Amino acid sequence: MLPQDPFILLSLCNTKLRDECSGLDALCGALDADLSELTGRLAAAGYTYDPATNQFRP
């Protein structure tokens, strides 16, 4: 289950992307999360995935 707070979710995602996951597909696999749900929740908070830096950015 993903954290409900978007900023905790952001922190979790960016930490996993930095330390463990090579991209969004790997992140979704590690979190057992749906890609559209994950990106949609972070987009609602003003963040999008940047593949060049492998992180969610404003």
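Predicted model: local features only at pLDDT ≥ 70, side-chain atom pairs only at ≥ 80, totals over all residues.
A salt bridge is a side-chain nitrogen of Lys or Arg within 4 Å of a carboxyl oxygen of Asp or Glu. Keep that in mind as you look at Arg 41 and Glu 37, whose side chains meet in a salt bridge with N and O 3.5 Å apart.

Arg 41 and Glu 37 both belong to helix α3, and they sit four residues apart, which is about one turn of the helix. How exposed are the two partners, Arg 41 and Glu 37? Arg 41 is partly exposed, with a relative accessible area of 21%. Glu 37 is partly exposed too, at 40%. The general idea behind such pairs is simple: side chains of opposite charge can pair when their charged atoms come close.

How many salt bridges does the structure hold? There are three. Another one joins Arg 18 and Asp 19, with 2.9 Å from N to O. Arg 18 has a relative accessible area of 62%, so it counts as exposed. Then there is Lys 16, which forms a salt bridge with Glu 20, the closest N and O atoms being 3.0 Å apart.

What does Lys 16 touch, once you leave aside its neighbours within four places in sequence? The answer is Cys 21, Leu 27 and Leu 31.

That brings us to how helices α1 and α2 meet. Two packed helices are described by the angle between their axes and the distance between the axes. Helix α1 covers residues 6-19 and helix α2 covers residues 24-31; their axes come within 10 Å and cross at roughly 115°. The crossing of α1 past α2 is right-handed. On the α1 side, the contact is made by Leu 12, Cys 13, Lys 16 and Leu 17, while α2 brings in Leu 24, Leu 27 and Leu 31. Sort the residues of this contact by class and you get six nonpolar, no polar and one charged.

Setting aside neighbours within four places in sequence, Cys 13 is in contact with Leu 27, Leu 31, Leu 38, Leu 42 and Phe 56. Cys 13 also belongs to the largest nonpolar core, which has 15 residues. Which residues have the most contacts inside this core? They are Cys 13, Leu 27, Leu 38, Leu 42 and Phe 56.

Beyond its neighbours within four places in sequence, Leu 38 is in contact with Leu 2, Leu 9, Cys 13, Leu 27 and Cys 28. Glu 20, by comparison, lies 18 residues from Leu 38 in sequence and 17 Å away in space, C-alpha to C-alpha.

Next come the strands. Thr 48 is in strand β1, residues 48-50. Not counting residues up to four places away in sequence, Thr 48 touches Gln 55, Phe 56 and Arg 57. Thr 48 and Pro 58 are ten residues apart in sequence, and their C-alpha atoms are 6.4 Å apart in space.

Finally, let's look at a pair of loop residues. Most residues other than glycine have a negative phi, and most peptide bonds are trans. Asp 32 has a positive phi of about 50° although it is not a glycine. Asn 54 also has a positive value, with phi near 55°. Where do they sit? Asp 32 is in the loop between α2 and α3, and Asn 54 is in the loop between β1 and β2, the latter being residues 55-57. Asp 32 is exposed, with a relative accessible area of 72%, whereas Asn 54 is buried at 17%.

Definitions and conventions: Residues numbered from 1 in each chain as written. Heavy atoms only, no water. Axes fitted to C-alpha atoms, helices over the stretch in contact; angles between N-to-C directions. Helix = DSSP H or I, 4+ residues; strand = E, 2+ residues; numbered from the N terminus. Left-handed = near helix turned anticlockwise from the far one by under 90°. Contact = heavy atoms within 4.5 Å. Nonpolar A, V, L, I, M, F, W, Y, C, P; charged D, E, K, R; others polar. Core = buried A, V, L, I, M, F, W, Y, C linked by side-chain atoms within 4.5 Å. Buried < 20%, exposed > 50% of the residue type's maximum accessible area, 1.4 Å probe, protein only.
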